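Here is a short report for a reader meeting this structure for the first time. Please keep the model in view while reading.

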Amino acid sequence: MIIKDLTFLSEKEKKWANIITIFGSALIAFAIFLILYFCPILEKNGSDTAKAINTLISICLGVFLSYIFHISYFKQHKSMGQWLIRYLRYNRNKTIFLVRPSKPNSTQTNLCEGIIDNDENPVLSACVHIYGPPERGKTTASFMVLQEIFFRGDRHFAHIKNIIFIDCSVDKNGVLELFDSGNKRFKNRGRLNTFKRNIVIIDNIEAMGVEFIVNNYPLFNSQKNLFIIIEDNESGSTIVPENTFDARQQIQFLEECAKDETTFQFFTNFNEDDKFIFFAIYFAVYLRHYASIETIVKISGIKAEDIIAFVENLQKGTNLFAIFPFHRDYIYCTNFLLLKQIPGTFGSCNEYQRIARLYWEYKELLDDERWLSMIHLDPKDLGQIVLTTRLSYFEGALKIGHYQKLFKALRLLIQKHESTYLDLFIYEYAVLNYHMGNHTMALEYYNRYLESLSSQDLKAKIYARIIECSHGCSADDVQKQINDYISELGKIYGYQPYADYWKNHIDTEKGKFDTNALTTTCETLLTVFRRDDLYQETGRRAYTDLIRSYHILGKYPPEAVENEFKTFLGMPGQPRYDYYVNLYLKANKLHYLDIPDAGPGEVVQRLIREASNYYTNALKAHYEDNKTKNALRIKLAELKMLLTDIDYTEQIQVVGDFLVRADANRVDVHKAHAHTLLAKMKMVNPANLRGDHGLHIEDPFQSNLVVARKIYEQYENKYGVFRVDFLSLVGEFYFMNEISDLEDTLTRLENLVKSYSDYLREKKIVEKIREDYNNITITKTKILWYLKTYPIIMQ
């Protein structure tokens, strides 16, 4: 959402301000003229010439003093008329002009003071970056700044003409176009002209990624405007690279907003029309944080002026909704805690149900918004909707990738009315649990749902979903069930490609990277004319398996593979597309191929930074699949070990958290992967090394490799076993202090890679070590570099 050309005063108010200013200035001039005329500077009984001079002096002095009075006293308010209108508006609408929390927290207060009262800190006139977890009052604080500037007319902002508000989470392509104004030759000048003399509030900037911030840094600090950049981050940290902004420009919001004592007492005074308007507004801000009044009008039929009047009246006693500042076309929520209680409190209300149905039936809403509206219908009405219709809405919602939003909404309803809503949405709840990383819960619901099915098509989908949830477990009973379901999938019409995919996928997890077979499966899936979520997800899986196999083998995937992969990712700019492109086609390629081949030096440090930025961009793409994001985080943790000034403790903790989740969800291959990565981290962590009596390690890595090897052996994963043995021998070579023993270890390494001739990456590393050894140029620094850049790629 982009709102441009917002002004502190409307066009009508500006006209009145000009009239008042002209009239006021004339009145002051006339008053001064009268005073001077009747108290002349020259003798009153003088000649006609003296009288004329008196008159002229009176007029000129009156006008001059009027002008001086006007520009000095009202300097901060631009004009007498504007000051008067601001004053009248403030006294008339103290409670409804802008939302100010009843008890602003100290961070909100500090932000306002830092921007408005910044005589000693002029850098804040250009840009402020505020960041922290959601629902800490960051956006409200930015509106408080606007309020202070409006009422005080601060001299620092006398140059400001308009306000631009940008919500990056809604229309990223529109944001990119706005910031890319002007052709290449005049690009910077064009961007400056776009934002010159504006207050620009950029909300949810984390959706744009690191490169957007770095690329536009000169614009943010151009001193021609005021940029307020708002970043949501669950951890309370920031995606902005260090030293991008001056420390005085950054304000972290960690303090929780003061608890609001507002209740639903106001609802008891509502008539039916009030309730209808209230729920129409609720659904609008529930689906989109900044809700368009025009959309509410189209869906509900309520007049815009009635909606605005309702919100303004409600605001006088209740902190829940607010009209967008200086732009009366949008409404936003100011109390999320109260908002979350509305479905459980009023879900059975007739007006609530009427509005839910109107939103569900409105075809111009996004697919996930229509599904979120549909699930709020009365269970009796939901039961009358054909199952395939309900599932089609769910499939459309999944394509957008806001899994967390969907999961939280459905979980809230199930927690309130468990038996009713769980029976209706057990399949959807299982799918969303899987995407949240709750494999055990997902399996439980899939198995319960499978028992109730008679449709072969639906059974096939559940077979595939159960395989997806459980294929990483090495237990015999689980493996038998997986093989049975793959067999059943192949017997059901239209599902042979899915069965072939899972056979190939399990082969890759056992260390067989047959790129030809994977390519065939991918090409077959391209010809399947299905567009449901299972098909899309299987296609993404097949291509990520193929790309990953090339990476493990140390090869670059063909360009055609990358282009075909994009057909399963949706539209550019959508969360899923941005996530997968940044992760698999950019970050992984740099991390797994370019960096290991680059060698130490300035070039590789640039590649590491690029890869880190792409990983971060993927995390910030608003793709809410926790399962894949957890895997991404340990990839980023491994990459960061290549940096010189990194906190290994933090990275080890990331992998430790991943291991805990894998164990809880019985994903044994992930447990083995985490142990392998932890062993590598122990080998290269400087804090874990001692050199007082020759190089040795204080926290032995072998125990992790033993656990990993056991799992890989049980799962018959020959690559996993090979990788464990390879790391163990390279580690032994690195920590060996007797030169006479190096040859024996190197020979064992060479014999190991000969036994697995398909794994070219490891073969190349051993060849480099042998060359350095023969040329007497081998050093522990070189071996350490080989260890650091050897990627532990998840199978």
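## Salt bridges

This is a predicted model. It holds 26 salt bridges. Three of them are set out here.

| Pair | Closest N to O distance |
|---|---|
| Glu 361 and Arg 357 | 3.5 Å |
| Arg 606 and Glu 610 | 2.7 Å |

Start with Glu 361 and Arg 357. Both sit in helix 15 (residues 350–361). They are four residues apart, so about one helical turn separates them. Glu 361 is partly exposed, with a relative accessible area of 42%. Arg 357 is partly exposed too, at 29%.

Arg 606 and Glu 610 lie in helix 30 (residues 602–619). They are four residues apart, which is about one turn of the helix. Arg 606 is partly exposed at 40% relative accessibility. Glu 610 is also partly exposed, at 27%.

An α-helix has 3.6 residues a turn, so residues three or four places apart point the same way.

Buried here means under 20% relative accessible area.

Asp 533 and Arg 576 also belong to a network of salt bridges that share partners.

Helix 24 covers residues 476–491, 16 residues in total. From its first C-alpha to its last it reaches 23 Å. That is close to the 22 Å expected at 1.5 Å a residue.

Which residues of helix 24 are buried? They are Val 478, Gln 479, Ile 482, Tyr 485, Ile 486 and Leu 489. These residues lie on the same side of helix 24, because they cover an arc of only 125 degrees around the axis. They pack against helix 22 (439–451), helix 23 (456–470) and helix 25 (496–509).

The face turned away from the buried side looks otherwise. It carries the exposed residues Asp 476, Asp 477, Lys 480 and Lys 491.

Strand 2 (residues 127–132) has six residues, and six of the six are buried. It is therefore largely enclosed by the rest of the structure. Cys 127, His 129 and Tyr 131 point one way from the strand. Val 128, Ile 130 and Gly 132 point the other way.

Strands of a sheet pair through backbone hydrogen bonds, either parallel or antiparallel. Strand 2 pairs with strand 5 (residues 226–232) in the parallel sense, over six bridges. One of the partners in strand 5 is Asp 232, which bridges to Gly 132. Strand 2 is also joined to strand 6 (residues 250–252). Those two strands run parallel and share three bridges. In strand 6, Ile 251 is the bridge partner of Ile 130.

Another part of the model is an open sheet of three strands in the order 7-9-8, with antiparallel pairing. Which strands are at the edges? They are strand 7 (290–292) and strand 8 (321–323), each pairing on one side only. Neighbouring strands of this sheet are turned by 30 degrees against each other on average, direction ignored.

Strand 7 and strand 9 (residues 330–333) run antiparallel and are joined by three bridges. Ala 291 has Ile 331 of strand 9 as its bridge partner. Helix 11 (residues 293–300) lies across strand 7, strand 8 and strand 9. It runs at about 55 degrees to strand 7.

## Leu 746

Leu 746 is in helix 36 (residues 742–755). It is buried, with a relative accessible area of 0%. What does Leu 746 contact, leaving aside its neighbours within four places in sequence? Its contacts are Phe 733, Val 766, Ile 769, Arg 770 and Tyr 773. Leu 729 is 17 residues away from Leu 746 along the chain. The C-alpha atoms of these two leucines are separated by 8.1 Å.

Technical notes: Residues are numbered from 1 along each chain as its sequence is written. This is a predicted model: local features need pLDDT of at least 70, side-chain atom pairs count only at pLDDT 80 or more; totals for chains, interfaces and linings use all residues. Side-chain values use heavy atoms; hydrogens and water are left out. A salt bridge is a side-chain nitrogen of Lys or Arg within 4 Å of a carboxyl oxygen of Asp or Glu. Buried means under 20% relative accessible area, exposed over 50%, partly exposed in between (1.4 Å probe, protein chains only). The expected span of a helix is 1.5 Å times one less than its number of residues. The arc is that of the directions from the helix axis to the C-beta atoms. Contact means heavy atoms within 4.5 Å. Two strands pair if DSSP finds at least two bridges between them. Axes are lines fitted to C-alpha atoms, for helices over the stretch in contact, and angles run from 0 to 180 degrees between N-to-C directions.
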